[in-house]
Amino acid sequence: MQILIVVPNVKNINIIVVFLKKFFDVIIDVFHVKLTHHQCLKTWIKIKNGNNSIIIGTKNSIFLPFCKLGVIIILEEHSLKYKNTEECRYNYRDIGILRAYRENIPIILDSDTPSLKTLCNVFYKKCLSIHFDDNNDIQTVNNDIIDLKQEKIRCGLSLTLINKINNDYKNTQTLLIFNKKTLFFFILKCDMCGLIFKCNHCNVYFEFNKYDDTLFCRFCFIKIKKPFCCQNCGCFLLISTTITIEDNENIIKNLFPEIPVFFFYNKKFIEKNFFDKLSHEFSFSIPCVIFITEEIVENYFFPHVHLIGLITVDHYFFSFQFRKIEYFAQFYFNLIKLTKHKKKSLKILLQTSYLNKTNLNILCNNTYYIFAHKTLKLRKTLFLPPWSCQIIIYSKHLNDEKNILFLTLFRQILIRRSKYCNLAIWLLGPHPVLLINYSKKKCYQLLIQSVSCIELNRLLKECIEVINLFSISKKIRWFIDIEPN
């Protein structure tokens, strides 16, 4: 029989191949997006003919035409990489479970931090849970929380974090992880000469508060009223604009005068200059400071890192998406895997403006399973997934009225069909959605929630057949997201 091992990132494949070849004298093939078309076709033919025993691949390998598939193993089943974010939205993990069910073969979901949906299925005894007590590394994370309200801040970095890096730079390689969408602030700028208002004491940019028209220095804690004109040219036209970490690169490098500083914003620049393509490791072993985004950091290993700083974590706890806290918990407890070899000397610093936040304290002082148990209990009280099922219908069009008309019509069909089927559903919308892209089309959404996932899918299938009879469904672009992130 053939074995399929699905991994979220390409970096894990080579490690698994080397490990398996020590124990099994069989043909092992890999399948991922970085292979050429000729290599993919060659592997595809071997899989279909049953000429290999173990196949290790990324998420798309779940659709390969196996000759005699015997078991499916999905590593890190909690990973968001398994969720397809295109307009046909589904989870590859669920496709793997469905395929194992259809072919009547076992499936293994592996994770140190299982998703709450998987833990809920364990509770309902839909799957068997095997826990290894020897793996206690995720329970002993050495961390420290920095309160930004009581700290002096420069370019988003607290003075405690800056001093920690500068004091230990001789034997420490530091990894600073940030979210590109949240690490920015508003500044006041002269539209005529381009002058940006700075603090006279520390020469740091003033942060501009639009609500009370004040300028605030996060380093000196000085707060002043918005000036009437530019102090350089006397122009009265002062505009507010955003400044990001890219604009502050030179200032950040001056904070660490004796340490090399690297900024990684995209994968192409990283792989071209600093990483070994085979091992996906950061090639520099000397002490340095690495700034990298949350989206990129999971694709590589940093074996020489001893200090990790999470610059922005508050956006997880104040997000409109209730699942963000679960994703942060999984990301936080798996940070130690970035070093490839689990070190007890690894230190994690978290910067937050809300030190008394309950969820953050639970994460830092307990294990993942204690956090998951409390989160599941809270979600059950609020009747949120995984104790219920959610589906979102998106509609895109240049005209707002057509989006609203389509989703309102869909809502009415859902209400009538649910009464006929005697199914209780809860609807929210239609309302607009903020999408960060360059499309001129406006997007609206309709949220549907119900107790039964099977009945809701059956209801949705019937409603789609009805809505397709209306001409408006052909004039707009719409798609469905089951179990949205």
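Colleague: What is the strand order in the open sheet of six strands?

Modeller: Keep in mind that this is a predicted model. The order is β6-β20-β19-β9-β18-β15, and the pairing is parallel.

Colleague: Which strands stand at the edges?

Modeller: Those are β6 (143–147) and β15 (261–264). Each has a single partner strand, so one side of each has no neighbour in the sheet. From one strand to the next, the twist averages 20 degrees.

Colleague: And how many bridges are there between β9 and β18?

Modeller: Five, in the parallel sense, with β9 covering residues 173–178 and β18 residues 289–293. Phe178 stands opposite Thr293 in β18.

Colleague: Let's zoom out. How many helices and strands does the protein have?

Modeller: The secondary structure comes to 15 helices and 24 strands. The C-alpha atoms fill a box of roughly 70 × 60 × 45 Å along the principal axes.

Colleague: Switching to side chains, is Gln330 buried or exposed?

Modeller: Gln330 counts as buried because its relative accessibility is 3%. It lies in helix α10 (residues 324–333). Beyond its neighbours within four places in sequence, Gln330 is in contact with His78, Thr113, Pro114, Ser115 and Tyr368.

Colleague: Okay, salt bridges. How many does a search of the whole structure find?

Modeller: The search finds 14. One of them joins Lys337 and Asp112, with the closest N and O atoms 3.2 Å apart. This pair links distant parts of the chain, 225 residues apart: Lys337 is in the loop between α10 and β20 (347–352), and Asp112 is in the loop between β5 (107–110) and α4 (116–123).

Colleague: Are those two buried or exposed?

Modeller: Lys337 is partly exposed, at 23% relative accessible area, while Asp112 counts as buried at 15%.

Colleague: What about Lys442, which residue does it form a salt bridge with?

Modeller: Asp400, with 3.4 Å between the closest N and O atoms. Lys442 is in strand β23 (residues 442–450) and Asp400 in helix α13 (residues 400–421), 42 residues apart. Lys442 is partly exposed at 41%, and Asp400 counts as partly exposed at 24%.

Colleague: Last one: which residues are linked in a network of salt bridges?

Modeller: Glu77, Arg93, Asp94, Lys117 and Glu483 are linked that way.

Key: Residues are numbered from 1 along each chain as its sequence is written. This is a predicted model: local features need pLDDT of at least 70, side-chain atom pairs count only at pLDDT 80 or more; totals for chains, interfaces and linings use all residues. Side-chain values use heavy atoms; hydrogens and water are left out. Two strands pair if DSSP finds at least two bridges between them. Helices (H or I, at least four residues) and strands (E, at least two) are DSSP runs, numbered from the N terminus. Axes are lines fitted to C-alpha atoms, for helices over the stretch in contact, and angles run from 0 to 180 degrees between N-to-C directions. Buried means under 20% relative accessible area, exposed over 50%, partly exposed in between (1.4 Å probe, protein chains only). Contact means heavy atoms within 4.5 Å. A salt bridge is a side-chain nitrogen of Lys or Arg within 4 Å of a carboxyl oxygen of Asp or Glu.
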